[in-house]
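Please look over the model below before reading on. The points that follow concern helix packing and ring contacts.

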Amino acid sequence: VFVVVTLQSIVDPTLTPKLIPLTDASHDDVTRSSAAQLISQAQDPTTQDLLRALAEDENEKVRLAALQGLALMNVPDALARLRAMYTEDGVQPSVRDRIVQTLARFPQEESLAVYRAAATDPLLEPASRFGAVVGLGSVGEEADLALLDEAGALGGDEDFMNMVAMAKGQI
């Protein structure tokens with residue numbers, strides 16, 4: 001497990017064949033989700049079938065890693081599935097964090113509901129709230145100005161407050 005977690009910062013497509021067996025259900029969930037995350041980061045089109053299968057996994061972190069990889073490879077339904085996953089009952093804040101951060105990379109009007117929920121969610125990491133504010137600035141509507149004020153009222157560092165102001169200026 002330690003080796004897989006340590007490797008998460010390294011994106012090396014030559015590791016993919018060695019990582020694929022670690023996604024098998026016989027391994028613990030941390031190893032499986034870490035391996036799926038590494039495979040996803042490599043963005044190797046030959047892994048799409050594996051990632052599609054992992055996107056149906058019972059473990060939410062394995063599903064998330066697979067959907068993130070599919071989104072990075074522009075697989076059409078991946079972003080919609082991430083949006084749906086965000087609203088599932090019982091989704092952990094750490095999973096919602098990663099969903100928002102992924103959706104923020106691909107600003108779309110379809111993600112507005114997630115951006116709106118995340119911008120003022122005190123359980124999310126500041127980086128996720130930042131991503132939600134960026135998303136609102138990209139595709140938000142005039143009605144979102146009050147929401148951005150709420151996000152700013154929750155506080156944040158100087159970069160966050162500057163992003164709130166910039167997002168308001170973009171709407």
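1. Helix 7 (residues 93-104) and helix 8 (residues 112-119) have axes that come within 11 Å and cross at roughly 130°. That angle makes helix 7 oblique to helix 8, because angles under 35 degrees count as roughly parallel, over 145 as roughly antiparallel, 65 to 115 as roughly perpendicular and the rest as oblique. Axes here are lines fitted to C-alpha atoms, for helices over the stretch in contact, with angles running from 0 to 180 degrees between N-to-C directions. Helices are DSSP runs (H or I, at least four residues), numbered from the N terminus.

2. The model is predicted: local features need pLDDT of at least 70, side-chain atom pairs count only at pLDDT 80 or more, and totals for chains, interfaces and linings use all residues. Residues are numbered from 1 along each chain as its sequence is written, and side-chain values use heavy atoms, with hydrogens and water left out.

3. The crossing of helix 7 and helix 8 is left-handed (the near helix is turned anticlockwise from the far one by less than a right angle; clockwise would be right-handed). Val100, Leu103 and Ala104 of helix 7 make the contact with Val114, Tyr115 and Ala118 of helix 8, where contact means heavy atoms within 4.5 Å. The residues of this contact divide into 6 nonpolar, no polar and no charged; Ala, Val, Leu, Ile, Met, Phe, Trp, Tyr, Cys and Pro count as nonpolar, Asp, Glu, Lys and Arg as charged, and the others, Gly among them, as polar.

4. Helix 8 also packs with helix 9 (residues 126-139), their axes coming within 8 Å and crossing at roughly 135°. Helix 8 is therefore oblique to helix 9, and the crossing is left-handed. From helix 8, Leu112, Tyr115, Arg116, Ala118 and Ala119 meet Arg129, Ala132, Val133, Gly135, Leu136 and Val139 in helix 9. This contact has 8 nonpolar, 1 polar and 2 charged residues.

5. For helix 5 (residues 60-72) and helix 6 (residues 78-86), the axes come within 8 Å and cross at roughly 150°. This crossing is left-handed. Helix 5 contributes Glu60, Arg63, Leu64, Leu67, Leu70 and Ala71, and helix 6 contributes Ala78, Leu79, Arg81, Leu82 and Met85. By class there are 8 nonpolar, no polar and 3 charged residues.

6. What sits over the ring of Tyr86? The charged end of Arg96 does, 5.9 Å from the ring centre (the criterion is NZ of Lys or CZ of Arg within 6 Å of the ring centre and within 35 degrees of the ring normal).

Note on methods. Helix = DSSP H or I, 4+ residues; strand = E, 2+ residues; numbered from the N terminus.
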